[in-house]
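I wanted notes on the pocket and the surface of this chain. The entries below follow the order in which I looked things up.

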Amino acid sequence: AVTRVVDSMTDNLRPTCADATDVANAVLDGSDAILLGAETLCGLYPVETISTIGRICDEAEKVFNQDLYFKRTMKYVGEPMIHLESIASSAVRAAIKVKASVIICFTSSG
């Protein structure tokens with residue numbers, strides 16, 4: 001997860017160019033999540049902040065090559081793969097093949 005990426009939106013309706021770039025780069029670097037704090041907790045524009053972050057992420061994901069990222073990541077996974085990694089990689093492989101927009105995973109341990 002990436003934190004403190006849009007501090008500028010605590011008091012402003014729009015992020016700075018640097019903050020917007022940080023969000024896009026987080027997506028392109030393969031981050032799993034973006035954690036918002038003061039921007040939504042005590043900021044003046046919490047709803048607009050979430051909407052803006054969502055739009056930036058959507059645009060960045062349009063150019064992110066999930067398949068290539070997955071293949072590069074798999075090079076660093078040891079053999080034989082542990083059971084959990086095997087299940088996760090199979091889910092990713094299936095999602096790529098069917099062009100799924102999300103993978104939803106339920107957990108009891110986090």
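I sorted the lining of the largest pocket by class and got 22 nonpolar, nine polar and five charged residues. Ala, Val, Leu, Ile, Met, Phe, Trp, Tyr, Cys and Pro count as nonpolar, Asp, Glu, Lys and Arg as charged, and the others, Gly among them, as polar.

The model is predicted: local features need pLDDT of at least 70, side-chain atom pairs count only at pLDDT 80 or more, and totals for chains, interfaces and linings use all residues. Residues are numbered from 1 along each chain as its sequence is written, and side-chain values use heavy atoms, with hydrogens and water left out.

I noted a volume of about 1,500 Å³ for the largest pocket. A pocket here is an open set of points on a 1 Å grid over the protein atoms alone, where a 1.4 Å probe fits, with protein on both sides within 12 Å along at least five of seven lines; lining residues have an atom within 4 Å of a point. Its lining has 36 residues, and Ser31, Asp32, Gln66, Val92 and Ile103 lie nearest the centre. I found that α1 (17–28), α3 (46–63), α4 (66–74) and α5 each give two or more residues to this lining. Helices are DSSP runs (H or I, at least four residues), numbered from the N terminus. The largest share, nine residues, comes from α5.

I then checked leucine 84, in helix α5 (residues 83–98). Leucine 84 counts as exposed because its relative accessibility is 67%; exposed means over 50% relative accessible area (1.4 Å probe, protein chains only).

Last, I looked up tyrosine 76, in the loop between α4 and α5. Tyrosine 76 has 75% relative accessibility, so this residue counts as exposed.

Conventions
Buried means under 20% relative accessible area, exposed over 50%, partly exposed in between (1.4 Å probe, protein chains only). Grid points are joined across faces, edges and corners, and a volume is the space filled by probe spheres set on the points.
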